[in-house]
Amino acid sequence: MTQARQIADRLLDAQVEFLLAEVTGERFAEVVARDVAAVLAVGDTIVFGDVVSLAQGEQTVATVFDRIGGSPVIADTVGIFSDAIYDHIAANTEYTLGDVVDREPVEALLEKIFGMHQAQERILDRLTESPLVATVAARFVDKLLGDFMQANRERAEKIPGVSSLMSLGQSAANRAKKVADSTFVGDLAGKGALFALKRTNNAIRDMLRDAPVHSAAMEFWDLHADEPVAGLREYLTQKDLNELVQICYEIAVTTREKEYFGMLVRECVEVFYLKYRDHTVSAMLPELGLTAEDIGAEILRYGPAVIEAAKANGVLAGLIRERLEPFFYSEQVLGILACAE
């Protein structure tokens with residue numbers, strides 16, 4: 001068996017050298033193209049639903065959201081990314097907003113939003129149910145009336161003798177307001193605020209449906225479309241953007257932990273599964289926008305550098321030998337080699 005062992009050593013060395021040559025230089029590109037084609041050929045014979053169950057798909061997607069979505073890498077880079085984006089926006093004056101975003105989809109989006117009458121009705125109806133909103137609306141109306149009265153007062157005071165009358169009227173109005181705030185009149189005022197809010201909602205409805213709101217919004221877009229992207233930084237500071245991104249990330253992280261979010265994910269996975277379960281594995285690639293050339297190109301983009309580094313430090317040869325050695329030193333192979341002596 002000693003001679004058989006020596007032959008096995010030589011065969012093992014030859015096999016390791018052969019495999020190292022397969023992943024070296026120009027040969028590696030040929031091997032990748034060959035193996036990708038072979039894998040896709042096998043994929044054409046495998047139906048997706050036969051090798052992946054719905055439960056497995058749900059578990060995989062859940063793991064992605066749970067492990068990757070809340071990973072320290074994402075948590076650490078969210079703020080860094082927002083700062084980097086802000087720095088780039090602040091420095092970039094080569095592109096306009098119109099270069100980055102086409103006008104047509106923006107126009108379609110605004111048209112859709114302003115045409116969603118059911119959503120608008122529901123939002124306005126819910127607003128009327130909030131006493132706090134009514135209070136805010138009342139204060140807003142008070143502010144408008146106050147500014148209107150102040151403007152008229154400034155004009156009236158220019159007329160001799162009217163200034164004293166205006167002061168007297170203002171004093172009486174203030175005393176009446178104090179009484180109204182703590183009496184039945186105050187309750188009536190609150191109901192009046194709700195009534196005013198409903199009337200305001202009606203005005204908003206009419207404006208959204210009849211007024212040229214869509215055209216006005218597009219004019220606003222066109223005013224910004226020809227300005228450099230850098231102009232967006234005038235709307236918020238770097239600190240504002242960072243904090244907004246962090247808050248949105250916190251919302252996403254905490255939401256993914258909720259049971260209801262899991263139900264939504266499972267429903268989406270089920271829809272995907274039912275749609276593609278009868279496809280072969282290879283037939284799904286075009287649905288994802290991928291081709292064999294795309295897969296090969298991505299492997300060749302990163303593979304050679306990694307393999308060359310592993311080859312240079314001897315790790316690759318060691319791994320190949322470790323995998324093949326049990327076969328060449330097995331009793332079955334040594335027995336065959338002994339019989340061949």
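Here is a short chat about a predicted model. Local features in this predicted model need pLDDT of at least 70, side-chain atom pairs count only at pLDDT 80 or more, and totals for chains, interfaces and linings use all residues. Residues are numbered from 1 along each chain as its sequence is written, and side-chain values use heavy atoms, with hydrogens and water left out.

Colleague: How many helices does the protein have?

Modeller: Helices are DSSP runs of H or I with at least four residues, strands are E runs of at least two, and both are numbered from the N terminus. The protein has zero strands, and its helices come to 18.

Colleague: Is Ile 80 buried or exposed?

Modeller: Ile 80 is found in helix 5, residues 72–91. Buried means under 20% relative accessible area, exposed over 50%, and partly exposed in between, with a 1.4 Å probe and protein chains only. Ile 80 has 53% relative accessibility, so it counts as exposed.

Colleague: And Asn 92, buried or exposed?

Modeller: Asn 92 is found in the loop between helix 5 and helix 6 (97–100). Its relative accessible area is 11%, so Asn 92 is buried.

Colleague: Which residues does Asn 92 touch, not counting residues up to four places away in sequence?

Modeller: Contact means heavy atoms within 4.5 Å. Leaving out residues up to four places away in sequence, Asn 92 touches Val 229 and Ala 230.

Colleague: What share of the protein's residues counts as buried?

Modeller: Asn 92 is buried, and the count for the protein takes in 341 residues. Of these, the share that counts as buried is 21%.
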